[in-house]
Amino acid sequence: MLELCFNEGVGGLLAYWQSGKQKILCLGDDLSIGPVAGGPDSQERREQLVRILGSDPWGELPAGEWIDEAWQRYCRTWERMRTLPEGTEVRVWLDRTPGSWCGFLASAEALAFRKARVTAALLPEWVARPDGTAVEYSGWGEASPEELDALLEDCCREVPQVLLGGLSHRWRQLQEENTPLRAVINGRLHSVPEDFYDGMLLSRLPEAGQTIRLAELLGRTLGECQPGIGDWWLACRAEALAAEGRFRLERDPGRFYNSQVTRYQD
């Protein structure tokens with residue numbers, strides 16, 4: 001059985017769990033962010049990946065060709081998806097993150113065309129533990145390798161071919177809409193405008209006149225709101241909001257995430 005996931009962190013988790021990567025397909029580009037009209041391995045998506053991987057907010061990444069290598073690896077994975085042996089068993093690792101659902105919808109056509117036998121591993125929102133506590137999950141990357149076997153016992157469902165066709169059709173609709181973002185709203189994937197997450201950022205600003213690091217603002221937003229996206233988009237929106245005069249952003253020239261955010265006096 002092939003394991004299909006849509007996040008590099010989840011891919012690493014599965015590799016550790018399986019003690020190898022031979023049976024793992026990881027389509028790690030977050031298709032919930034940026035243009036999708038041209039397809040997941042289009043030039044537009046390459047440019048989007050370069051923007052994300054090349055942003056280096058901490059100023060610590062080495063120079064080199066590693067971004068191009070990451071893109072080539074991603075394209076090879078998509079080519080492998082499109083040429084799977086007919087009837088291949090595929091387990092798709094799905095959670096509540098928009099990138100996960102976008103990846104599944106984008107891959108549905110290839111899975112249907114190859115008549116893959118698909119099982120969806122749907123991450124539960126929460127799990128009760130024997131010690132009387134409960135743990136809440138928003139993404140598979142939050143689980144530990146030791147938890148996976150137990151989680152899989154109750155969360156797997158067969159995906160019929162007719163549903164793969166419907167998912168593929170929905171993805172073509174999203175491609176036609178081609179908005180800057182896609183988000184899960186009430187359990188369904190929708191196209192949304194670029195300012196969709198702005199309210200989350202603004203509601204977690206400090207008191208008027210107070211200052212915090214940008215990294216803390218992003219961390220608060222990700223931890224408390226659990227939007228299911230990475231910090232890159234939120235950092236871009238923070239810059240945009242500061243340019244609109246919503247708060248003051250004093251950039252740290254060496255490490256962008258150390259920049260200071262100050263809420264204006266009302």
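1. Contact means heavy atoms within 4.5 Å. Helices (H or I, at least four residues) and strands (E, at least two) are DSSP runs, numbered from the N terminus. This is a predicted model, where local features need pLDDT of at least 70, side-chain atom pairs count only at pLDDT 80 or more, and totals for chains, interfaces and linings use all residues. Residues are numbered from 1 along each chain as its sequence is written, and side-chain values use heavy atoms, with hydrogens and water left out.

2. Start with helix α1, residues 8–18. Its buried residues (under 20% relative accessible area, 1.4 Å probe, protein chains only) are Val10, Gly11, Leu13, Leu14, Ala15 and Trp17. Their cover includes β1 (2–5), β2 (24–26), β3 (89–94) and α5 (145–155).

3. Look at the ends of α1. Asparagine 7 caps the N-terminal end, with a side-chain oxygen 2.7 Å from the backbone nitrogen of glycine 9. Just after α1, serine 19 has a positive phi of about 60 degrees.

4. Which residues of α8 meet α9? They are Leu214, Leu218, Thr221 and Leu222.

5. Most residues other than glycine have a negative phi. Lysine 115, however, has a phi near 50 degrees. Lysine 115 sits in the loop between α4 (98–113) and β4 (117–122). Glutamine 226 has a positive phi of about 50 degrees. Glutamine 226 lies in the loop between α8 and α9.

Conventions. Buried means under 20% relative accessible area, exposed over 50%, partly exposed in between (1.4 Å probe, protein chains only). A polar contact is a pair of N or O atoms within 3.5 Å; within protein, one must be able to donate a hydrogen and the other to accept it, and residues adjacent in sequence count only if both atoms are side-chain atoms.
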